[in-house]
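Here is a set of questions and answers for someone meeting this structure for the first time. Please look at the sequence and the model before reading on.

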2 protein chains.
Amino acid sequence: MERTLTTEIGQHVGERVKLAGWLHRLRRLGGVNFLILRDRAGLAQIVLEDVSPLAHVSPESVIQVQGLVVKEPQAPGGYELHDAQVEVISPVTEALPFPIHKPRLKVNLDTFLEHPIIGLRHPSRRALFRLAAGVMAGFRSTLDALGFTEIQTPKLVGAATEGGANVFQVDYFGRPAYLAQSPQLYKQMMVTVFERVYEVGPVFRAEPHDTTRHINEYVSLDVEMGFIQDHRDVMAVAEQVVHGILDRLRRYHALELAELGVTLPKAPTRFPSIYFPDAQQLIYERWGDDCRGDPDLAPQHERWLGEWARETYDSEFLFVTGYPLSKRPFYTHPNPADPRYSNSFDLLFRGMELITGGQRLHRYEDYLQAAETRGISLEALQGYLEAFRYGAPPHGGFAIGLERFLMQLLGLSNIREATLFPRDLKRLTP
Amino acid sequence: MERTLTTEIGQHVGERVKLAGWLHRLRRLGGVNFLILRDRAGLAQIVLEDVSPLAHVSPESVIQVQGLVVKEPQAPGGYELHDAQVEVISPVTEALPFPIHKPRLKVNLDTFLEHPIIGLRHPSRRALFRLAAGVMAGFRSTLDALGFTEIQTPKLVGAATEGGANVFQVDYFGRPAYLAQSPQLYKQMMVTVFERVYEVGPVFRAEPHDTTRHINEYVSLDVEMGFIQDHRDVMAVAEQVVHGILDRLRRYHALELAELGVTLPKAPTRFPSIYFPDAQQLIYERWGDDCRGDPDLAPQHERWLGEWARETYDSEFLFVTGYPLSKRPFYTHPNPADPRYSNSFDLLFRGMELITGGQRLHRYEDYLQAAETRGISLEALQGYLEAFRYGAPPHGGFAIGLERFLMQLLGLSNIREATLFPRDLKRLTP
């Protein structure tokens with residue numbers, strides 16, 4: 001007999017079907033044995049007369065059940081299996097480190113992360129990482145429709161070109177190599193080939209921070225595009241990408257959003273925007289914190305701006321543009337009207353930085369000068385600089401941290417919850 | 001004026017348009033100046049009266065041209081621009097390391113790889129890496145339709161779990177970490193969460209080989225699925241994936257295939273298959289090479305089998321099943337009918353291994369025994385083994401090397417040609 005998925009049994013009322021999955025729960029209630037089977041699609045309830053095949057096995061055993069589909073309004077999903085036979089495929093004989101059969105997963109994060117492959121099976125965790133897949137799919141499909149080409153660039157690099165700090169060193173056949181902190185330089189180079197490129201891939205940050213917002217390996221959704229006027233063209237694409245992702249989740253992931261109790265954020269077609277010094281002035285006037293002239297915004301400042309955007313524009317997204325040039329990477333394009341500031345932006349999502357982007361330098365001479373000003377060695381950058389020496393258009397781009405996006409979307413308190421197998425100061429396994 | 005792409009000018013005959021791109025070529029022919037402009041979409045010919053703006057710049061300068069669209073059967077694409085003004089956006093003042101304006105790129109591979117960002121701009125190279133994007137897209141869309149979930153697993157791992165050799169070591173905050181040789185263990189773990197998973201991402205092999213078929217970082221397209229009978233269910237999905245990729249290329253990449261002169265391979269709906277010892281017997285009988293009892297096939301054997309499949313089945317794909325268990329990784333499932341052999345397979349494409357896959361062990365005890373037999377330390381595998389200790393279904397999967405696929409599809413003589421920025425014994429930059 002062909003296998004039926006739990007979510008499909010309603011199409012087979014009055015027929016016998018075969019289900020396969022995990023023993024999610026077994027309990028005796030009013031003299032009746034209820035077995036809940038979990039498969040990739042969902043859960044199904046089975047009424048069992050004979051529980052003897054399950055006498056010596058624990059939850060999470062892999063099982064197969066044949067039974068008659070019956071309409072039962074009381075059952076989850078509205079159907080259940082009667083007259084059922086159960087067979088154990090892979091028995092589990094030990095107790096789980098923590099239970100995963102309850103509607104809400106109650107386990108502290110450290111314990112969860114010691115046994116990720118148990119916790120990840122909980123329906124709420126599965127929903128979360130299905131949303132992650134949806135975010136990637138929405139990102140790609142939006143950019144495909146805009147004429148972008150997907151690329152895959154190397155993660156093993158010969159020089160720590162974005163600054164020597166915070167980079168992992170690799171023994172590469174006896175000489176040092178480094179793990180890419182981002183595909184930044186490669187995506188810029190590839191703009192001179194395809195004009196519009198994107199990449200989804202791992203990035204590595206050797207930051208020795210033990211915070212709820214940092215992990216040492218994460219998934220970066222990177223975009224870069226040529227023939228722009230300035231950073232505002234890049235912001236327009238970033239808006240479209242965010243809308244594309246939210247549309248994708250709305251359309252294909254309603255079940256997961258419901259499972260997680262998530263309301264999609266308020267996002268006007270065009271996101272509001274505020275210029276960096278104006279944002280500091282606003283913070284001073286409205287909250288009395290005189291941060292005017294500071295080179296960056298503090299997390300509290302971002303939260304205040306997030307509140308302000310929601311109240312003023314009914315938007316949970318807010319662009320802050322024009323960060324001081326000195327605080328941005330060497331390839332950042334200055335604001336031609338006031339070169340103390342840059343043609344860069346952050347997109348705040350619910351008061352936290354979600355996207356960083358901007359216009360980049362595109363003239364070879366500008367790179368030579370920026371390198372000199374910042375004391376960066378040109379030697380390690382030769383291959384990168386060829387892209388500009390031999391003709392690069394005005395261009396810019398941005399990056400979204402996948403885990404950061406999920407964290408803000410779901411209101412998680414720790415980014416590790418949005419990462420399948422987080423890497424941090426303590427964790428390298430499993 | 002809005003920018004028009006080179007491939008769109010035919011829709012604007014009699015109108016003035018603005019093009020932007022790279023100075024692909026400029027030449028004087030019979031007293032007329034022909035400028036070829038290249039953008040992300042293609043090439044366009046422009047008749048220039050006044051070439052003075054280009055007097056001091058070299059090919060690959062970024063330019064912008066306004067002109068009147070005229071039908072001209074002689075011009076590439078059938079249209080050209082007259083009465084044109086050209087403006088230089090980013091001037092190039094040096095000669096290119098090698099020319100890229102000719103229909104065929106003639107440069108030796110070492111020189112190409114010293115200046116990848118020049119060579120990659122050649123239309124043939126762009127076509128190649130657009131096909132790479134098409135392969136990834138075809139892979140994902142086929143699997144999405146089959147209920148697979150996309151995952152992203154860590155590339156920094158705490159132990160070299162697939163064997164200690166050929167693994168890059170990383171300094172992870174003062175202790176050793178390793179770069180993942182494949183997502184194998186993670187995708188198996190994730191089968192116990194989502195049943196069906198795939199991943200597209202980098203893998204790292206510290207093989208000190210300087211061959212035309214090996215690079216040290218490549219893109220792996222990985223699949224893993226649960227609730228199978230045996231490896232034949234996995235082979236059926238591998239077939240569907242290959243067909244899905246070829247369909248995608250046929251449908252969306254006809255221009256690139258034409259540019260590269262590629263004919264898509266002969267691929268019957270079901271690929272022929274031969275059992276490993278039968279393949280050795282065939283080689284002995286047909287080509288006189290007595291490899292019977294050898295633990296593996298040599299490259300020449302694979303080429304012969306490829307020829308045989310094409311002649312016998314009109315197929316450029318051939319499964320070889322049942323490789324000797326001792327030559328396969330520890331997680332490989334034996335053939336229950338003859339445990340000297342395994343439930344594994346390779347898919348040969350034009351006589352070269354393209355896909356490796358098979359059924360995996362799924363019972364915890366089988367892992368304990370396999371580890372003991374092979375002398376593998378269980379300690380480093382604890383997190384992985386929890387997936388089996390707490391219930392894993394019968395499962396299997398496979399992996400496709402993206403660059404290997406392109407190499408065989410395009411008949412390239414070196415895998416580096418199918419890699420944007422190859423990593424090998426000599427190359428870590430750009």
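Q: Does B:Phe148 count as buried or exposed, and why?
A: This is a predicted model, and the count uses C-beta atoms placed from the backbone. A residue is buried if 20 or more other C-beta atoms lie within 10 Å of its own. B:Phe148 has 23 C-beta neighbours inside 10 Å, so B:Phe148 counts as buried.

Q: Where in chain B is the place of B:Phe148?
A: Helix H3 of chain B covers 123-145, and strand E6 covers 149-150. The place of B:Phe148 is in the loop between helix H3 and strand E6.

Q: Which residues is B:Phe148 in contact with, leaving aside its neighbours within four places in sequence?
A: Contact here requires C-beta atoms that lie within 7 Å. With those sequence neighbours left aside, the contacts of B:Phe148 are B:Leu143, B:Arg196, B:Val197 and B:Tyr198.

Q: What relation holds between chain A and chain B?
A: Chain B can be laid on chain A with an RMSD of 0.0 Å.

Q: In chain B, which residue has the C-alpha nearest the axis?
A: The C-alpha in question is 2.2 Å from the axis. It is that of B:Val170.

Q: In which sense do strand E8 of chain A and strand E8 of chain B pair?
A: Each strand E8 spans residues 169-172, and the two pair over three bridges. A:Gln169 stands opposite B:Asp171 in E8 of chain B. The sense of the pairing is antiparallel.

Definitions and conventions:
Residues are numbered from 1 along each chain as its sequence is written. Chains are lettered from A and ligands numbered from 1 in the order in which they are written. This is a predicted model: local features need pLDDT of at least 70, side-chain atom pairs count only at pLDDT 80 or more; totals for chains, interfaces and linings use all residues. Two strands pair if DSSP finds at least two bridges between them. Helices (H or I, at least four residues) and strands (E, at least two) are DSSP runs, numbered from the N terminus. Copies are superposed by least squares on the C-alpha atoms of residues with pLDDT of at least 70 in both. A residue is buried if 20 or more other C-beta atoms lie within 10 Å of its own, exposed if 12 or fewer, and partly exposed in between; C-beta atoms are placed from the backbone. Two residues are in contact if their C-beta atoms, placed from the backbone, lie within 7 Å.
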